[in-house]
Every structure is written in structure tokens, then in C-alpha cells.
Amino acid sequence: MMRRLLAAACMAALASGAAAGELPATLRVCADPDNLPYSHANGSGFENRIAQLVADDLKLPLEYEWLPDRRGFVRKTLGARLCDVIMGVPAGFERAMTTRPYYRSSYVVVDHAGGAPIASFDDPRLARMRLGVQLIGNDLAASPPGQALARHGQTDNVRGFAVPGEEPAAARIVHAIESGELDGAIVWGPQAGFFAAHSRVPLRVHAIAAPAGPGSQPFAYDIAMGVRRGDRELQAALDGVIERRQADIARILADYAVPQVAGAAR
């Protein structure tokens, strides 16, 4: 997901190549087999549950093609016709044709409870905190909060966590807060909510607004499903499910403590 968000922001659009087709007889989904809270080969991710909901609504059997979500994931899966759907792509994602959004989330602050939550980058407490942020993409670019902290002159107190590792970067960040290595972090919401909820110590998850001004990147993103370009019948079918089952999708997301932000173009 983090890679796809970066790609949405930085990569050039790919040319359309697929022809329009009929609704498939099977809902074939490509997903990472070990990428909680999103997906897992044992079906325990929230995208697994949403994919099953979609398949049940369309009365289609659900099949997975598993591949680690690394560089070239979309090309090697959807582009290679190993599947027809990728869950959890940014709305408007250049490498696929996307459905209407089914949720919207944001980067959030994870810290220990106590005192008023930090709600802005002008809060002087941020400069005194040891903070973790995610590094996304193959060039280890800072996430939008990391870039925002840098623009506010905060670098010495910020620690970046690269995506590759034995655990997701967000999990490692939460562990660092648990152990006292960090005072807090600004993390992508779906991961922040899930790993904070499974923390060994009580942690608080709360929103922080992206700072205004030139060069500022948004913190909130609409999340959709991706299909091959030209596959308008499947896109329309998925749009219909999202519209009909939005409340059920929201309940699944709540089960995984995904912070949901109002304003998605539903």
C-alpha cells in the first residue's frame, strides 16, 4: 500500500492496453500473502474480508494469486492477467483503472495517552519528541509527514523506517514506541490503527492536519479497487457492490481499527 501511494504521487501513467471484457466467472484477486492488516494467505486481512464480501455479493467464487507487494507488483499481477482485481489502491491510481473509493484514511499520530493530542505541526512539543516516520518507495523517500517535519526544521529528532524488513515498518515503529525508543510517530492510518490496537502498552491514535503552504502534500487519500484499463464491466460491478455494501465495508474497517476520514468521493 505504501508503495502504491508513492506511485500514485510520483509515477507516470501507463498506456491503456486491455480490451473491454465480460464480467469474469470468478473474482480473481492479487494480494500479498503476508501483509497485515491488509492481506494474508490465511484470509485474516481486512482486504481479504472485503474481497470475500464483494465475491459473495456478486455471487462469484473468490480466488487469489499471491505475490509479495514489491516493485512491479501491478505489472506482474494485473498486467500479466494473473488476476482481475487489486484491493486497496489510491483512487485515480495511474497503473490501473480504479473504482469509486470505498474508504478514506489519513496519516495519524501514534503516541502515549496523556495531555492534549498534538493536532498541528506548529505544536512546540513536536520538536522535543523522538518521532518515527515511514520511508516509502525504492528510493526511501520520506512519507508526507516526514517531509512536513523536515520543512519545519525537524530532522535530528526524526527516525525513518524503511518498508523492507521482517515486519511492516509501521509495526517496527509501534514496537519502538512500546520500548521507549520513540515518543511517538506519524504513520499511515490503516497500519497505525491496527498495530497500535495490538500494542503491548496502551497507545493513542489521533488525527493531525497536513500543514498548509507550498510543497505540502495531502495526508488523506481515497482508497479504491484497481482493475485493468478497459475492464469497465468489472469496474461497474465493483462500483455497485461498494455502493450497496458501504456500511458492511465500514464495519470491517472498524474491526481493524482503521481510522476513517470523511470526504471520500462516494
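In which kind of crossing, left-handed or right-handed, does H2 pass H9? In this predicted model, the crossing in which H2 passes H9 is right-handed, and the two elements involved are helix H2, covering residues 46-58, and helix H9, covering residues 246-255. Two packed helices are described by the angle between their axes and the distance between the axes. For H2 and H9 the angle is about 160° and the axes lie 10 Å apart. Since angles over 145 degrees count as roughly antiparallel, H2 is therefore roughly antiparallel to H9.

The residues that bring these helices together can be named on each side: H2 contributes Phe46, Arg49, Ile50 and Leu53, which meet Asp248, Ile249, Ile252, Leu253 and Asp255 of H9. Sorted by class, this contact of H2 with H9 holds 6 nonpolar and 3 charged residues, with no polar ones.

The structure as a whole holds 11 aromatic pairs. One of them joins Tyr102 and Tyr103, whose ring centres are 5.4 Å apart and whose planes stand at 65°, so the pair is edge-to-face; both of these tyrosines are buried.

Another pair is formed by Trp188 and Tyr221, with ring centres 5.9 Å apart and planes at 70°, so this pair too is edge-to-face. Trp188 lies in strand E11 (residues 184-188) and Tyr221 in strand E13 (residues 220-227), so that the pair links distant parts of the chain, 33 residues apart. Trp188 and Tyr221 are both buried.

Terms used: Residues are numbered from 1 along each chain as its sequence is written. This is a predicted model: local features need pLDDT of at least 70, side-chain atom pairs count only at pLDDT 80 or more; totals for chains, interfaces and linings use all residues. Side-chain values use heavy atoms; hydrogens and water are left out. Axes are lines fitted to C-alpha atoms, for helices over the stretch in contact, and angles run from 0 to 180 degrees between N-to-C directions. Helices (H or I, at least four residues) and strands (E, at least two) are DSSP runs, numbered from the N terminus. Angles under 35 degrees count as roughly parallel, over 145 as roughly antiparallel, 65 to 115 as roughly perpendicular and the rest as oblique. A crossing is left-handed if the near helix is turned anticlockwise from the far one by less than a right angle, and right-handed if clockwise. Contact means heavy atoms within 4.5 Å. Ala, Val, Leu, Ile, Met, Phe, Trp, Tyr, Cys and Pro count as nonpolar, Asp, Glu, Lys and Arg as charged, and the others, Gly among them, as polar. Rings of Phe, Tyr and Trp (its six-membered ring) pair if their centres lie within 6.5 Å; planes under 30 degrees apart count as stacked, over 60 as edge-to-face and the rest as tilted. Buried means under 20% relative accessible area, exposed over 50%, partly exposed in between (1.4 Å probe, protein chains only).
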